[in-house]
Amino acid sequence: MLKKNDIIQVAISDLSHKGAGVAKHDGFVFFVDNALPEEVIDMRVLKVNKNSGFGKVEAYHYLSPARNADVNLTYLRTGIADLGHLT
């Protein structure tokens, strides 16, 4: 059973309507900020609900070819540019 602060390796399969990456692991759907489809990451579990959860990128193993290399992280943190990391 996954719990808060576990670190797992996941593949990002999709994007949510708010621009978060979507990963699936052990029957849970996780929403991960600053993650794009086709990326493989180490994710820290921030919160686990009944069927879903939220995570944070700890490390990237494979970056998406659609990733914007010149992203301003300040804009991503403030929510002004939810998809600023996507070309």
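**Calling residues exposed, and other terms**

Reader: Why is asparagine 5 called partly exposed?

Author: Asparagine 5 has a relative accessible area of 43%, and because buried means under 20%, exposed over 50% and partly exposed in between (1.4 Å probe, protein chains only), partly exposed is the term that applies to asparagine 5. This is a predicted model, in which local features need pLDDT of at least 70 and side-chain atom pairs count only at pLDDT 80 or more, while totals for chains, interfaces and linings use all residues. Residues are numbered from 1 along each chain as its sequence is written, and side-chain values use heavy atoms, with hydrogens and water left out.

Reader: Why does glutamate 38 count as exposed?

Author: The relative accessibility of glutamate 38 is 52%, so by the cut-offs already given glutamate 38 is placed in the exposed class.

Reader: What makes the backbone at asparagine 5 and at glutamate 38 worth a remark?

Author: Most residues other than glycine have a negative phi. Asparagine 5, which is not a glycine, has a positive phi of about 75°, and glutamate 38, also not a glycine, has a positive phi of about 80°. Asparagine 5 lies in the segment before strand S1 (7–15), whereas glutamate 38 belongs to the loop between strand S3 (28–32) and strand S4 (40–48).

How values were computed: Helix = DSSP H or I, 4+ residues; strand = E, 2+ residues; numbered from the N terminus.
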